Amino acid sequence: PIFRNGKIEDVYWTSSYSPVADETGEIAGVLVTCMEETGSVNLKRSLIASENKFKNLVMHSPTAITILRGPELTIELANENMLRTIWDKKEEEVIGKNLLDVFPELKGQKFATFLKQVFKTRKAAKQYECMVQVKTDAGFKKIYLDFELNPLFENDGSISGIIVTAFDLSEKLETKAKIADAEERLRLAVEASEMAIWEI
């Protein structure tokens, strides 16, 4: 804390201390150099606060979200919705690991192709009602997803990762299929009955 500009301010410094010898070689004093770092410390704190806020939003989002880093697609972050609903995995099983090592079955699927495409073109990609197969402890499961892949850029403009948002449509599409099946069965039953039927 330093009193300046009419108030007490928290000020941060990088200091260097060097011995100063006299003409006989004896240490006569200490040379102290200081460089103020308050601006960069405050900026770093703001960035950390901003990152924590973003992470908090991701982790508590009702949408399944994961962040993949580098062309090797290292899983940096995955919220509860992604872990539980789509991947059926625990955090310690996936964080820090490559997506295609955790889910090698994705290699030949559309989803992996889209991820590579985003890294190559540096443009976002969307897909609707895309079928993805993942292996869980209970075996393979088919999931139907609407997903969006957005590139993450560094200050120099290079792409450093991808943020994936996904909506699980499996239950919705399953219900839709059951309704269509029920309607088809009813149609066949009506045609087979040879009875006069109409609707008002």
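A salt bridge is a side-chain nitrogen of Lys or Arg within 4 Å of a carboxyl oxygen of Asp or Glu. The views below come from a predicted model.

**View 1. Arg-4, Glu-9 and Glu-36 are linked in a network of salt bridges.** The side chains of Arg-4 and Glu-9 meet at 2.9 Å, N to O. Arg-4 counts as partly exposed, with 27% relative accessibility. Glu-9 is buried, because its relative accessible area is 16% and buried means under 20%. In total, the structure holds four salt bridges.

**View 2. Arg-69 pairs with Glu-76 in a salt bridge.** Their side chains come to 2.9 Å, N to O. Arg-69 is partly exposed, at 26% relative accessible area. Glu-76 is also partly exposed, at 40%. Side chains of opposite charge can pair when their charged atoms come close.

View 3. Arg-84 is exposed, with a relative accessible area of 52%. Glu-80 is partly exposed, at 47%. Helix 2 spans residues 80–87, and its buried residues are Asn-81, Met-82, Leu-83, Ile-86 and Trp-87. Asp-88 follows the helix and has a positive phi, near 60°.

**View 4. Negative charge gathers in a patch on the surface.** Its members are Asp-88, Glu-91, Glu-92, Glu-93 and Asp-137. Asp-137 lies in the loop between strand 7 (125–136) and strand 8 (139–153). This residue, Asp-137, is exposed, with a relative accessible area of 72%.

**View 5. Leu-186, Val-190, Met-195 and Ile-197 make a nonpolar surface patch.** The patch covers about 400 Å². Leu-186 belongs to helix 6, residues 170–193. Leu-186 is exposed, because its relative accessible area is 57% and exposed means over 50%.

View 6. Cys-34 is partly exposed, with a relative accessible area of 47%. Cys-130 is buried, at 3%.

**View 7. Ser-16 and Gly-108 are separated by 57 Å, C-alpha to C-alpha.** Along the chain they are 92 residues apart. Ser-16 is found in strand 3, residues 13–21. Ser-16 counts as partly exposed, at 34% relative accessibility.

How values were computed:
Residues are numbered from 1 along each chain as its sequence is written. This is a predicted model: local features need pLDDT of at least 70, side-chain atom pairs count only at pLDDT 80 or more; totals for chains, interfaces and linings use all residues. Side-chain values use heavy atoms; hydrogens and water are left out. Patches are made of residues with over 30% relative accessible area and no salt bridge: like charges are joined within 9 Å, nonpolar side chains (Val, Leu, Ile, Met, Phe, Trp, Tyr) within 5 Å. Accessible areas come from the Shrake-Rupley method with a 1.4 Å probe; for residues, only the protein chains shown count as cover. Lys and Arg count as positive and Asp and Glu as negative; His and the chain ends are not counted. The place of a charge is taken as NZ of Lys, CZ of Arg, CG of Asp or CD of Glu. Helices (H or I, at least four residues) and strands (E, at least two) are DSSP runs, numbered from the N terminus. Buried means under 20% relative accessible area, exposed over 50%, partly exposed in between (1.4 Å probe, protein chains only).
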